[in-house]
Amino acid sequence: MKNRTIKVDYLARVEGEGGLFVKIKDNKVVDVKLNIFEPPRFFEAFLRGRHFTEVPDITARICGICPIAYQTSSVRAMENACGATVDGQLRALRRLIYCGEYIESHALHVYMLHAPDFLGCEDVLDIAKAHPDLVKKALRLKKIGNDLMVLLGGREIHPISMRVGGFYKVPTKAELQAMVEPLTWALDFALATVKFTSTLTFPDFEQDYEFVSLRHPDEYPLFDGRIVSSKGIDIAIDEYPQYFEEQHMAHSTSLHSVVKARGAYHVGPLARYSLNFDKLPEVAQKAAKKAGLKQTCNNPFKSIIVRAVETVFACHEALRIISEYKMPEKPFVEVTPRAAVGHGASEAPRGMLYHRYRIGADGLIQEARIVPPTSQNQRVIESDLSAYVNKNMKLSEEKLTWQCEQVVRNYDPCISCSCHFLKLHIDRQ
Amino acid sequence: MKDTSKPKVAVWKFASCDGCQLSLLDCEDELLAVAGAIEIANFPEASRRIVKGPYDVSLVEGSITTSHDAERIHGIRRASKFLVTIGACATAGGIQALRNFADVKNFIPMVYAHPEYIKTLGKSTPIADHIPVDFELRGCPINKYHLVELVNALLNGRKPNIPTDSVCMECKRRGTTCVMVSAGMTCLGPVTQAGCNALCPSYNRGCFGCFGPKETPNPDSLADWWQKRMNLTKPEIVRAFRGFNAYAEPFRKASELHEK
């Protein structure tokens, strides 16, 4: 069959609503579209006129899966605009709650959203039938991430403790100390997860990506530092608009981001890992090497191993922060608004999240711009699909469709974020 | 394998952040037990498996913001015996209902370069504005234990035991000092439905209304207090009521009153 159409109307195990369309003519892919039909919610519009202190709680509602990423990027942007410095233990606590989000989000994606594809299961409950013990441990890992978020933030979804300048309330040393035992177990199970994921079967599919992520001189990046790429970009966060732009396509309610000079780029675990391998703790580096990963990983299917490696990092980092913690005297620093533009970027589990706000001396938002990870990855997802289908034309309709979905899920896309889901159409003519 | 003896539960998404349906997956300790008692027939965020209706229970997340979704919800109602809306988007229109106080035509170009590609309704509306709803779970996000209680109640044929008093009462019960009286913080606790165990005041901040208006609230009295004793300006009062439940009637009326 030379010409055909493959379609999936509603892609499962991703966050949000979208579809995918691949058109094949004479055994070649002629068109690929990631259709995002998640209804737009207009955050950037209704943020105008809101007070700058309200923004972290409002932008958290863009995504129930990575609220800490939204809160962190927005508070960093406000602090940048107002010239405030938040460092020491307050900054460490922000890294700690971010580690909680990594453990929760990566455990969710590795075991509940991504692993079923590799094991030929429809969902995690199918995995649980064959491997109940593994799934129970996976749920415990996820819960430990959530428990860390609850301890610092009050609740796991849309936590309420982060504010411009720091936190509304900070934990005592004893409260954090209670997390040491579960996190120590989590670190062990994260290492076992690296081993487990490395035994899965991966298609031979190395791609030449421009990886983009944050890079920080002293640490594996969660927020702050510079924006770097595997093709030479090395800029301050506030230079983002000069190097990147967003384009609006007819088939998507999510804007597509491109590097102005070149086009598509890749954000997320593969990019962070490949650009910051040297900043991973030794335990994570060793686990990665043992799993057969090199210092750069260009196979998006192997992102499942990289997420496991990053989970090792997050558990290790959380334990480090807790061991060095001294309760700060004041939970926040005062931040006085001034007329300025502020930029903030952080590494959401699924990739870099950039925020920019213009605020007035009255503290009210005049303009907002939010660039979520999935809108940055849309182009790369489309080019992966095209390359993958061209290479695997001989597969049966059913198999190719499932694997196309997997190509998309490699990115842990959050469509609610990018606009906001997914419909897969493979059209063969 | 299809088990016909278990009730079929479906999860549906409209305009939302996915957080409320994620609450189901966040029930780590209860998930396998719940999944053992029900058949998850439609839950795309978690599974590729789609079982056709009719469904015993539909959980609906998100608000109606497109004409396509306004049609789609009727099909879901027809296929569902018991339909429960989960979260502030589905029960009140969500944060995206802030457009209801403006002209959405002015909003589109602030976000999108090609307004002609965007199809959206002028208002973000709760599910109950479109179809009869059997039960509502409040919250932004919902309390996951409310969800477990709801599923448990439905499985056992009893009424869900979900509190309907105020955040203020929760604060008193846990012994938190009143942040409004003692620290002069703006707090929606007196008019907001319980459900979070008065989380924000226990973190030294005022309630910002995640669970929406309680039964018989008196937002005008609260606003009067803010204005006269705490010197809040009208725009500050408007913003306080215009959060995740801005379009819920008592909050909507209170904000509109102070906008004039």
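Predicted model: local features only at pLDDT ≥ 70, side-chain atom pairs only at ≥ 80, totals over all residues.
Strands of a sheet pair through backbone hydrogen bonds, and the pairing is either parallel or antiparallel. Between E11(A) and strand E12 of chain A, residues 351–359, there are nine bridges, and the two strands run antiparallel. Within the sheet, A:His343 stands opposite A:Arg356, a residue of E12(A).

The strands E7(A) and E8(A) form a hairpin with four residues between them, and in the turn A:Gly232 has a positive phi of about 100°.

The contact between the two chains involves 59 residues of chain B and 70 residues of chain A. The area buried between chain B and chain A is about 5,600 Å², and carbon and sulfur atoms give 62% of this area. On the side of chain B, the residues that lose the most area to chain A are B:Arg48, B:Tyr203 and B:Arg239, which together account for 15% of what that side buries. Across the interface of chain B and chain A, 27 residue pairs are found in polar contact, with both residues at pLDDT 80 or more. Helix H1 (19–25), helix H2 (31–37), helix H3 (67–78), helix H5 (104–111) and helix H9 of chain B each supply at least two residues of the side of chain B that touches chain A. The largest share of that side, five residues, comes from H5(B).

Ten salt bridges are counted between chain B and chain A. In one salt bridge, B:Asp26 is paired with A:Lys142, and the closest N and O atoms are 2.5 Å apart. In another salt bridge, A:Lys143 is paired with B:Asp29, with the closest N and O atoms 3.4 Å apart. This pair crosses between chains, from A:Lys143 in helix H6 of chain A (residues 132–153) to B:Asp29 in the loop between H1 and H2 of chain B. Because its relative accessibility is 57%, B:Asp29 counts as exposed.

A search of the whole structure finds 50 salt bridges over all chains. One of them joins A:Glu317 and A:Arg95, whose closest N and O atoms are 2.8 Å apart. Since A:Glu317 lies in helix H12 (residues 303–324) of chain A and A:Arg95 lies in helix H4 (residues 88–118) of chain A, the pair ties together parts that are 222 residues apart in sequence. Both A:Glu317 and A:Arg95 are buried. These two residues also belong to a network of salt bridges, whose members include A:Arg76, A:Glu79, A:Arg320 and A:Glu324.

A further salt bridge pairs A:Asp412 with A:Arg350, the closest N and O atoms being 3.0 Å apart. This pair links distant parts of the chain, 62 residues apart, with A:Asp412 in the loop between helix H14 (397–409) and helix H15 (415–418) of chain A and A:Arg350 in the loop between E11 and E12 of chain A. With a relative accessibility of 1%, A:Asp412 counts as buried, and at 1% A:Arg350 counts as buried as well.

In chain B, B:Thr192 is placed in the loop between helix H8 (179–183) and helix H9 (199–202). Because its relative accessibility is 1%, B:Thr192 counts as buried. Leaving aside residues up to four places away in sequence, B:Thr192 touches several residues, among them B:Asp165, B:Cys207, B:Phe211 and B:Phe251.

Conventions. Residues numbered from 1 in each chain as written. Chains lettered and ligands numbered in written order. Heavy atoms only, no water. Buried < 20%, exposed > 50% of the residue type's maximum accessible area, 1.4 Å probe, protein only. Contact = heavy atoms within 4.5 Å. Pairing = 2+ DSSP bridges. Buried area = accessible area lost by both parts, 1.4 Å probe. Salt bridge = Lys/Arg side-chain N within 4 Å of Asp/Glu carboxyl O. Polar contact = N/O pair within 3.5 Å; in protein donor to acceptor, adjacent residues only side chain to side chain.
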